[in-house]
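Subject: Structure handover

Hello,

Please find the structure below, followed by notes on what was found in it.

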Amino acid sequence: GLQALLGHLVSMAEALRDQLEGHSATTVMNGDNFGPVTLFRVYPDGTDTFSMPAQERTDPACRETLLANNAYNRRIFELIQADALQGKGVVISLTDCYRTTDYGEPINALKSYILSPFSDDQHVTAVLESIWKARKELGGQ
């Protein structure tokens, strides 16, 4: 029974990761993780989400962009959190330092913990809709 429950949680996290990886504004930061926690970043319109994470992590010339993207992700989190506190959305988390860059700056990331055995595709969709709503409020900036 416990294996089935854990397998379901991992399947739901994988479904979320697949959706996030398939969108041009999001990147999964822990794609190699096989647990229920998904760490991801959201980017403004026009960002190349395939190359940006590596640039942010390794290129000191990208420092200002990293800091701006950290602030953007914090604002996305704050908007989603405000909705959640009003009972209108999902609860996610934010880590201030998912990883440190090669040049010493913290990289933040949003976190989704899928822990309920009753989670299904509609809950994955709810996380995504919360992200898109927050991006829309920020004007995709």
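Strand β4 (residues 106-113) is largely enclosed by the rest of the structure, because 6 of its 8 residues are buried. Buried here means under 20% relative accessible area, exposed means over 50%, and partly exposed lies in between (1.4 Å probe, protein chains only). Helices (H or I, at least four residues) and strands (E, at least two) are DSSP runs, numbered from the N terminus.

The model is predicted: local features need pLDDT of at least 70, side-chain atom pairs count only at pLDDT 80 or more, and totals for chains, interfaces and linings use all residues. Residues are numbered from 1 along each chain as its sequence is written, and side-chain values use heavy atoms, with hydrogens and water left out.

**The sheet**

An open sheet is formed by 4 strands in the order β1-β2-β4-β3, with antiparallel pairing. Its edge strands are β1 (26-28) and β3, each of which pairs on one side only. On average, neighbouring strands of this sheet are turned by 40° against each other, direction ignored. Axes are lines fitted to C-alpha atoms, for helices over the stretch in contact, and angles run from 0 to 180 degrees between N-to-C directions. Two strands count as paired if DSSP finds at least two bridges between them.

Strand β2 (residues 37-42) is joined to β4 by 4 bridges, in the antiparallel sense. Across this pairing, Leu39 is opposite Lys111 and Phe40 is opposite Leu110. Strand β3 (residues 93-100) also runs antiparallel to β4, with 5 bridges; there Ser93 is opposite Lys111. The hairpin of β3 and β4 has 5 residues between the strands, and Gly104 in this hairpin takes a positive phi near 90°.

Thr95 belongs to strand β3. Its relative accessibility is 15%, so Thr95 counts as buried. Leaving aside residues up to four places away in sequence, Thr95 touches Leu39, Asn108, Ala109 and Lys111; contact means heavy atoms within 4.5 Å.

**The helices**

Helix α3 (residues 63-85) lies across β2, β3 and β4, and runs at about 25° to β4. Helix α4 (residues 121-137) packs against α3 at an angle of about 115°, the axes being 9 Å apart. The residues in contact are Tyr72, Ile76, Leu79, Ile80 and Asp83 from α3, and Ser130, Ile131, Lys133, Ala134, Arg135 and Glu137 from α4. They divide into 6 nonpolar, 1 polar and 4 charged. In this count Ala, Val, Leu, Ile, Met, Phe, Trp, Tyr, Cys and Pro are nonpolar, Asp, Glu, Lys and Arg are charged, and the others, Gly among them, are polar.

Ala126 is also in helix α4. With 24% relative accessibility, Ala126 counts as partly exposed.

**The cores**

A nonpolar core is a set of buried Ala, Val, Leu, Ile, Met, Phe, Trp, Tyr and Cys residues joined through side-chain atoms within 4.5 Å. The largest one has 24 residues, and Ile76 and Leu110 have the most contacts inside it. Two or more residues of this core come from each of α1 (2-21), β2, α3 and α4. Another core, of 5 residues, lies apart from it and includes Leu39, Leu66, Ile107 and Ala109.

Regards
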